[in-house]
Amino acid sequence: MRTAILILAVLIPLRGAFSQSAGSGTVVQWPEGKLAAISLSFDDARLSQVDAGIPLLDRYGVKATFFVVPGAVEERLEGWRNAQRAGHEIGNHSFVHPCTGNFAWARDKALEDYSLERMLEELLAANRRLEELLGVTPDVFAYPCGQKFVGRGVETKSYVPLVAETFMAARGWLDETPNDPEFVDPAQVLGIEMDGVSFSELLPVIEQAKENGLWVVLAGHEMGESGYQTTRLEMLEELIRYAEDPSNQIWLAPFGTVASYVLEQRK
Ligand SMILES: [Zn+2]
């Protein structure tokens with residue numbers, strides 16, 4: 001009898017561990033039996049987001065995440081206040097948008113010349129400024145240019161640990177795959193580009209996510225009809241109609257909403 005109980009006690013956790021590693025969706029179940037989650041996110045507080053994109057999202061009642069830089073928010077302050085009040089999520093996208101100095105525009109704020117101390121100071125300064133401007137303190141972050149380092153050569157350091165300590169979750173950029181909710185590191189959630197992409201180009205990624213219970217995080221910049229780094233409004237409308245068709249079983253929710261759900265489910 002004692003042996004039988006011991007064997008059971010060993011077997012049950014093993015079975016649990018096996019099904020988790022098989023990624024069969026046994027631990028994290030999406031709400032209401034949905035098959036996949038999609039988050040829409042947009043960076044830099046570009047003017048076209050307030051002028052064209054948010055009105056479209058609001059017509060459909062869809063909430064997105066906007067990773068903003070405080071200086072850019074000030075250019076459309078009333079618009080951003082309205083967006084926040086309407087239920088869109090405001091995320092931190094740093095104070096001055098530092099990136100590799102190989103971008104000429106970033107040479108005077110090059111990550112190669114940053115220290116971890118300066119990075120942390122500026123992340124916190126951005127949160128304080130957004131609190132002053134919009135009355136919210138972001139708990140989500142998007143890495144400017146998707147780059148996660150400071151320094152160069154043997155002095156290079158990752159600033160992911162700082163982000164992990166400061167925010168609930170953070171998004172990358174130009175990543176290649178959806179996120180497995182049972183495995184994803186909340187400080188390094190993968191973000192797939194949706195600028196310049198048609199709905200039919202995006203559909204295979206969504207179908208893959210539905211088959212495997214994954215979380216697709218889409219990232220864009222300008223919101224309009226055409227142009228560089230522009231998420232097409234036509235694509236967005238098709239995507240929203242697809243996601244809102246109950247037969248497609250998609251959970252369309254802001255980045256932080258899905259991240260906090262995933263973390264809660266994994267407890
Ligand atoms: Zn950016």
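These legends accompany close-up views of a predicted model. Local features need pLDDT of at least 70 and side-chain atom pairs count only at pLDDT 80 or more, while totals for chains, interfaces and linings use all residues. Residues are numbered from 1 along each chain as its sequence is written, and side-chain values use heavy atoms, with hydrogens and water left out.

**View 1. The zinc site.** Welcome to the zinc ion, whose protein donors are Asp44 (OD), His93 (NE2) and His97 (NE2), lying 2.1 Å from it. Donors here are N, O and S atoms within 2.8 Å of the metal (3.2 Å for Na, K and Ca); water is not among the atoms, so sites may look incomplete. Along the chain, the donors follow the spacing D-x48-H-x3-H. Aspartate 44 and histidine 93 are both buried (under 20% relative accessible area, with exposed over 50% and partly exposed in between, using a 1.4 Å probe and protein chains only).

**View 2. An aromatic cluster.** Here ring pairs link Phe141, Tyr143, Tyr159 and Phe167. Rings of Phe, Tyr and Trp (its six-membered ring) pair if their centres lie within 6.5 Å; planes under 30 degrees apart count as stacked, over 60 as edge-to-face and the rest as tilted. Phenylalanine 141 is buried, at 0% relative accessibility. The rings of phenylalanine 141 and phenylalanine 167 are stacked, because their planes meet at 15° with centres 5.2 Å apart. Phenylalanine 167 is buried too, with a relative accessible area of 5%.

**View 3. A charge over a ring.** Look for arginine 118 over the face of tyrosine 114, 3.8 Å from the ring centre. The rule asks for NZ of Lys or CZ of Arg within 6 Å of the ring centre and within 35 degrees of the ring normal.
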